[in-house]
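Thanks, everyone, for making the time.

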Amino acid sequence: YTVYCVTSGGEKEKLASEVAQLHGWSESGGRISLVYGVLDQKAEGNSSYLLYTVTSGGEKEKIASEVDSVYAVDLDGSEASVLYTTVDAEEHTLYEFVTDSTAEADAQVQEPSYSDYETIDPYWGWYTTDWDAYYDAWEVWSQVSHREQLRQELKDTSYNILSYDLTRYDKGETTVIAEGLAAVEVLDTEHEICIYTKQEGEAKAVAELADLEYSSELYGMMGNDETPVQYVNVKGAESELDLDEDYTPNEILVLNGSQVVLRAYDKEYESALFRYTLENGKLTGGGVLTDEPFSGLTAGTAPNGKEGLYYFTDLDEKNSTGELICYTGEKITIAKDAREVLMLDGKTIFKLDEMSYDSRRETMEGSLYTVTDGQSAKVADDVDISSISILDAKQILYIGDGDLFVWNGTENTKLASDVTVFWHNQETAQYDTFTCDTEYGGAPEEEGWSEEYYGDDDWDYGSLGMGWT
């Protein structure tokens, strides 16, 4: 598509054409700047594109060619800073990925002819054919013919080994951060941490040709026989990542500038959390934070004021309740046996548990507790979890069993009966909510649970203004 800049006076300026991807834009001093990609029609063996930057009133500037992915764009006026990967395609054929132990013998086999298996009766002079031998020879020839057809198909089918270079463009200067990558697994642009595997760049046999039925079988075999080495690059310094070879990195979070949590999954797609320390440009440690089932990962402010990672562990059989942990470099237990935890100012803690669906009122209800030094004290049962209003640490308005109550820190007072909705003119407290996901990513519809309420397995980023990148 084409991108235009239109002023309030109706003047129109064409900034870019044939735009395939618009990666970023900014406005400064009445001028618009863009970073965008145009498909490279000359690229062979890949779908890379050309990357440009342009500012209204000026000419476009080419940042790079053979660009595969753009990870971060920062525009300061007309000055662009971009983090991206370029792709290189090394051309091979599928035949280079097989061993062919029967090739020489197959070349000697000829298609059988009836005449080769005929004999003349010496007495009567008529011809007889050894059909069993003929059909045996034909079966051999049929197999050879299939292999020959497959052999030619593999030789005629091109296959490109792709490798990537992670590159930073900063105000006209280009710096290659890492070369020859097979895949970028995890990238934290803020702290300049990248975890990746490397491309060996050579074709290796993964099957015997005679064992193949179709050439397409090869695609599923490539790369499955080895566990790739994981590398971590911190601000340009590369080292091997200390991670169990059964795990593949998936997400990364840096806490307080030095504590790093890495989420990874194993071959059965079960997740685990690993902890590291970021110091002197390196990730050290590599210990297991938890490899038990966990849920409800959330970044937020810890009770001690630091950045923390919250998650539920010690889950029940339905993954619906558990123990809420906050990790800041050490584990802090916030609440046990909780479905949902509400935290004010990092200190005052409430929890909800024992959830059930009230089909008569069509509401989810649960028991509300206060939590002090890890100990729970019940506030009320049958609390409509969607009708809780926390005014401060000692005042909560809520609907319980269809009636409106106020809790003053020690006791509950009924304000009205048969209430479905209420309003008030008091300022509500600000608090963070931490929720333990269910194993369903929702709940059984036949029980009337609200899937919308339970949400899905997406990561929640809490109130820090920080997140997983």
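Since I will be placing residues by element, let me say that helices (H or I, at least four residues) and strands (E, at least two) are DSSP runs, numbered from the N terminus. With that convention, Y114 falls in the loop that joins α1 (103-107) to β9 (118-120). Please keep in mind throughout that what you see is a predicted model.

Together with W131, Y135 and W138, Y114 makes up a nonpolar surface patch of about 460 Å².

The surface also carries a negative patch, and its members are E61, D74, D76, E79, D170 and E173.

Let me turn to the cysteines. If we ask for a pair of cysteine sulfur atoms within 2.5 Å, how many disulfides do we find? The count comes to zero. For C326 in particular, the nearest cysteine sulfur belongs to C436 and lies 16 Å away, and C326 is accordingly in no disulfide. C326 is classed as buried because its relative accessibility is 0%, and C194, at a relative accessible area of 3%, is buried as well.

E18 is in the loop between β2 (12-16) and β3 (21-28), and with a relative accessible area of 61% E18 is exposed. D382 is likewise not a glycine and has a positive phi of about 55°, but the residue is found within strand β28, residues 375-392, and its relative accessible area of 36% makes D382 partly exposed.

Finally, a word on D316, which lies in the loop between β22 (307-313) and β23 (322-327) and which, at 28% relative accessibility, is partly exposed. How far apart in space are D316 and S216, given that 100 residues separate them in sequence? From C-alpha to C-alpha, the distance between D316 and S216 is 44 Å.

Notes: Residues are numbered from 1 along each chain as its sequence is written. This is a predicted model: local features need pLDDT of at least 70, side-chain atom pairs count only at pLDDT 80 or more; totals for chains, interfaces and linings use all residues. Side-chain values use heavy atoms; hydrogens and water are left out. Patches are made of residues with over 30% relative accessible area and no salt bridge: like charges are joined within 9 Å, nonpolar side chains (Val, Leu, Ile, Met, Phe, Trp, Tyr) within 5 Å. Accessible areas come from the Shrake-Rupley method with a 1.4 Å probe; for residues, only the protein chains shown count as cover. A salt bridge is a side-chain nitrogen of Lys or Arg within 4 Å of a carboxyl oxygen of Asp or Glu. Lys and Arg count as positive and Asp and Glu as negative; His and the chain ends are not counted. The place of a charge is taken as NZ of Lys, CZ of Arg, CG of Asp or CD of Glu. A disulfide is a pair of cysteine sulfur atoms within 2.5 Å. Buried means under 20% relative accessible area, exposed over 50%, partly exposed in between (1.4 Å probe, protein chains only).
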